[in-house]
Amino acid sequence: MGLLDDIINGINAVANLKKADAEQIKAKTQKDKMKNLKKENKVLKKALSKNTKIGIAGIFVTIAGVFIGYYLLVYFPIHSAP
């Protein structure tokens, strides 16, 4: 039984080594994924911030257009032809 136990223990050691290698690869892959997600998140935050600024500028331009149109109608009213 001693020889059989030694063979089984050797196989278990190799299996545990492979399992540890797989866990290390899995952890590294997860770390790389998190790093990539952080990069993408930064890019998306910058884009969202830029889009927000563009949206606010668009609102101001729209409001300014309405007021300019209103004042043009007040100073240069459109009269219907008699």
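The protein chain exposes about 8000 Å², and carbon and sulfur atoms supply 69% of that area, where accessible areas come from the Shrake-Rupley method with a 1.4 Å probe and, for residues, only the protein chains shown count as cover. This is a predicted model, in which local features need pLDDT of at least 70 and side-chain atom pairs count only at pLDDT 80 or more, while totals for chains, interfaces and linings use all residues. Residues are numbered from 1 along each chain as its sequence is written, and side-chain values use heavy atoms, with hydrogens and water left out.

Along its principal axes the C-alpha trace spans about 120 × 20 × 10 Å. Buried residues make up 0% of the 82 residues, where buried means under 20% relative accessible area, exposed over 50%, and partly exposed in between (1.4 Å probe, protein chains only).

To follow the helix, one may begin with S49, which is found in helix α1 and is partly exposed, with a relative accessible area of 35%. The C-alpha atoms of S49 and D5, which stand 44 residues apart along the chain, are separated by 65 Å.

Within helix α1, K28 and D32 lie four residues apart, about one turn of the helix, and they form a salt bridge whose closest N and O atoms are 3.7 Å apart. Such a bridge needs a side-chain nitrogen of Lys or Arg within 4 Å of a carboxyl oxygen of Asp or Glu, and by this rule the count comes to one. K28 is exposed at 51% relative accessible area, whereas D32 is partly exposed at 32%.

A nonpolar surface patch of about 1300 Å² includes I56, F60, I63 and F76 among its members. I63 lies in helix α1, which covers residues 2-75, and is partly exposed at 40%. Patches are made of residues with over 30% relative accessible area and no salt bridge, with like charges joined within 9 Å and nonpolar side chains (Val, Leu, Ile, Met, Phe, Trp, Tyr) within 5 Å.

Notes. Helix = DSSP H or I, 4+ residues; strand = E, 2+ residues; numbered from the N terminus.
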